[in-house]
Amino acid sequence: MLQSFREQSGKWFIKVLFGAIIASFVVWGIGDIIRGYGQNRSLAKVGGHAISYEQYATTLQQEVSRIQQAIKERVTPAQLQQLGLYQQVLDQLINQSVLEQELERSKLTVSDSLVRNQVHAIPAFQQGGIFNRQLFDELLRNNGLSERAFLKDIKQSLLGQQLIAPLTIGMALPTFYQDVLFKALNEKKVFSVVMIPSDKIKLTHAPTAADLKLHYTKHKDTYAIPEFRSVTLVLIKAKSLLAQIPVSEDDIKQEYEKQAGQFTKPEKRAVKSLTYATQEQALEASKLVNAGQPLELVARNIKGGKLDDLGVVEKSGLPEIAADVVCGLELGKSSEPIDTGFGHVIYQVTKIVPETQQPLGEVRAQIQENLRLQKFGDSLTNLRNKIEDSLAGGEKLEDVVKANQLSTEVVPAFNQKGQTKDGKPAFATLPMLVVKQIVEQAFGLGEGNQSPVIEADSENCFVLQVNKIDAPYTPEFEKIQSLVEKDWVAESKNDAAAQLAQSVVQQVKSLSDLARLASQHGLTIMVNQPLSRADFASAKKDKETDLQKNLNPDLLAKALQLPLNQAAYGLTADGKGLAVIMLQRVEPFKPDLEKKKKFSELLKDMIEKDIMAVLLQKFRTHFKVSIDQELMKQVTQDAG
C-alpha cells in the first residue's frame with residue numbers, strides 16, 4: 001500500500017517525491033507517541049552514524065503526512081502499526097545511512113552541471129519540453145521542499161547511480177529473450193467460450209426425503225445459526241467534541257496578540273529575471289542594465305538570455321540562493337548576476353507591496369479552531385477518564401451518558417460479521433475499521449459488561465455495553481426443510497453443469513465440435529474473445545476484457561496455456577455456472593516500439609533494484625547496524 005504512493009522520475013534512484021512534508025497531529029495523531037521519551041537516545045547506530053529519535057520522529061511524520069494526503073483521511077497510530085510503517089521508516093533511515101557512508105568511503109563525486117542537467121530533464125519541471133525555472137520554484141514551494149535539500153537529494157541519487165552502474169553493465173536480458181518474453185506477454189489469443197449457467201440445468205428427478213436428510217447431515221455446519229449480540233453503543237465523534245470545547249473572546253484576543261507574527265502578510269515584490277548560461281554573457285548584460293537600459297532591451301541586445309516575469313512573490317517564492325539579495329534591492333534596481341545552479345541570473349524589482357497585518361476579524365475563526373485543537377487532547381482524556389471511572393464505580397451506562405451529555409444507540413442483534421439477522425449491515429454508516437473494533441469488543445465481553453473507551457480512528461471513539469447474547473445453534477431439519485431442498489437443487493445443478501462441461505471438453509476436437517455441442521445442449525457461445533497475458537495481469541477494473549469479466553481467473557490462466565483444438569473448463573466469474581473455453585487462433589503479433597522500450601526499461605529497473613537490495617544488505621553488515629530494541633518496542637507498543 002505504502003509503496004504505491006511513491007512516484008519516480010527517470011531512474012529508480014531519482015527520488016522526486018511530491019507530497020505534504022510535516023503535518024501537525026492534534027486530533028488522534030502521532031504526536032503523543034513521539035514525545036515524552038527517547039529524545040536523548042539514539043534509536044539506531046549505523047557504523048559511525050547515529051539515527052536520532054528526533055530524526056526518526058520527523059521522518060515518520062513525513063510518511064504519515066504523505067499517506068494522509070493520498071487517502072484523504074487521518075490515520076491512527078494503531079493503523080500505522082498494522083501497516084508496519086514504524087519498522088519501514090527505520091529500515092528506510094538505516095538504508096539511507098549505510099548508502100551515504102558507502103558513498104563517502106568510495107570518494108565518488110558529481111559535478112554541479114550534471115545535477116543541473118538531471119533536474120532540467122525531469123518532466124514535472126518542464127513546460128513544452130523545456131525546463132521552466134518558475135515552475136520548478138512553484139512546485140518545490142507548494143510541496144514544502146527547499147531547493148538546497150532537493151538538489152542534495154538529486155546529487156545523492158546520482159552518486160548512487162555511479163555506485164551501482166559498474167555492477168549493472170551487461171546485466172540486461174539478451175535482446176532475443178526480451179523479444180520472446182515481450183511477445184509472450186502481449187500477443188493476443190482469441191478464444192471461443194461456451195457458458196453453462198447452473199440455473200438453466202434441468203434435473204431428471206426431484207429429491208426424496210432421504211436425499212434431503214443426507215444433504216442436511218453432510219452440510220449441517222452451513223445451517224448453523226451463529227452467535228448474535230445486541231449492544232448499547234455510545235459513539236463519540238471528534239467533531240462534536242471539538243465543537244463543545246469553550247473558547248472565550250479574551251482567549252482569542254490573547255492568542256491573536258501572542259501569534260501576531262503568523263497573521264502578518266509578508267512583503268511581496270514584483271520581480272523579473274534575465275538568465276544566461278555563461279557568466280561572461282551575464283556580466284555584459286549587467287553592465288547595460290546598470291547603465292539604465294530596460295531588462296527587455298538588454299535581452300534583445302545580448303543574445304542567449306531568457307527573460308521571465310516571476311510575478312508578485314514573497315521571499316519564500318524566490319530561489320533560496322537569491323532571496324536575500326532580491327529582497328534587499330530598492331525599487332527599480334537590479335542585482336548583479338547570481339549563479340543559481342541553473343544559470344547566471346539578473347533580478348530586477350519592479351514593484352514592492354509592503355507587509356500588512358490581518359485584522360482579528362479575518363482570523364477569529366482560525367484562532368478559535370486552533371485553540372480548540374490545543375485543548376482537544378486534554379478534553380478527550382478527561383472525558384475518557386470520567387466515563388471509565390464512573391463505570392468502574394458501578395454507575396449505569398445510561399446515567400454516565402446523560403451526565404456527560406452524550407447520546408446512545410441500541411443496536412439490534414448482529415453476528416461476528418457485523419450483520420443483523422436479516423443479513424444487513426448493523427453499522428452501515430461507520431467506517432469498516434470502526435465496525436471491526438466494535439464487533440471485537442462486543443464479542444469479547446460478557447452479557448451486561450461494558451468496554452473501555454476505544455479510540456477507533458481519528459474521528460470516532462466509542463464505548464459499548466453488551467445487552468444480550470443469543471447463543472449459536474443448528475435448527476432441526478423439519479424447520480428448514482424447504483431451505484435444504486433449495487440448496488440440494490442448487491448443488492445438484494452445479495454438479496450437473498460440471499459434468500456437462502467435463503463431457504464437452506472430452507468430446508471437442510475442433511471449434512466446429514464446440515459450436516455443435518453448444519447448439520445441441522442449448523448453450524450460449526461467445527466467439528472472438530481476445531486476451532493477452534498482459535491483459536490477464538492487469539488489475540485495473542476499467543481495462544478488464546469481456547473474458548475477465550465473465551470467467552474465473554483460474555480458468556483464464558488455464559486458457560492461456562491451451563494449444564489449438566484443446567479446451568478447458570472452470571467456474572464463471574460470479575461462481576453461478578461453468579464455462580468451456582477453447583483457443584480459436586493467435587493473432588499476428590504487431591510489436592509496439594514504445595511499449596517495447598518501456599518493457600526493456602522495466603526489466604533493467606528490476607535487475608537494478610535486486611542488485612541494490614543485495615548491496616544494501618551487504619553494507620548493513622559492513623557498517624554494523626545496531627537498534628535500540630527497547631526504545632523501538634516502546635514506540636510500537638505505545639502506538640498500538
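1. A residue is called buried under 20% relative accessible area, exposed over 50% and partly exposed in between, with a 1.4 Å probe and protein chains only. By this rule K468 is partly exposed, because its relative accessible area is 47%.

2. The structure is a predicted model, in which local features need pLDDT of at least 70, side-chain atom pairs count only at pLDDT 80 or more, and totals for chains, interfaces and linings use all residues. Residues are numbered from 1 along each chain as its sequence is written, and side-chain values use heavy atoms, with hydrogens and water left out.

3. Salt bridges are taken up next. The term denotes a side-chain nitrogen of Lys or Arg within 4 Å of a carboxyl oxygen of Asp or Glu. The whole structure holds 19 salt bridges. In general, side chains of opposite charge can pair when their charged atoms come close.

4. Helices here are DSSP runs of H or I with at least four residues, strands are runs of E with at least two, and both are numbered from the N terminus. E249 is partly exposed at 34% relative accessible area, and R364 is partly exposed at 32%.

5. The side chains of K468 and D470 also form a salt bridge, at 3.8 Å from N to O. A further salt bridge connects R585 and E587, at 3.8 Å from N to O. R585 has a relative accessible area of 37% and is therefore partly exposed; E587, at 29%, is also counted as partly exposed. Salt bridges with shared partners join K421, K468 and D470 into one network.

6. L181 belongs to helix α7 (residues 175-186) and is partly exposed, with a relative accessible area of 36%.

7. Helix α7 packs against helix α22 (residues 593-622) at an angle of about 115 degrees, the axes being 11 Å apart. The contact involves Q178, D179, L181, F182 and L185 of α7 and K595, K596, F599, S600 and L603 of α22. Contact means heavy atoms within 4.5 Å. The axes are lines fitted to C-alpha atoms, for helices over the stretch in contact, and angles run from 0 to 180 degrees between N-to-C directions.

8. Most residues other than glycine have a negative phi. N528, which is not a glycine, has a positive phi of about 55 degrees; N528 is placed in strand β16 (residues 524-531) and is partly exposed at 44% relative accessibility. N565, also not a glycine, has a positive phi of about 70 degrees. N565 sits in the loop between α21 (553-559) and β17 (567-571), and its relative accessible area of 43% makes N565 partly exposed.

9. Finally, S316 is located in the loop between β9 (306-314) and α13 (323-327). S316 counts as exposed because its relative accessibility is 53%. S316 and P266 are 50 residues apart in sequence and 9.6 Å apart in space, C-alpha to C-alpha.
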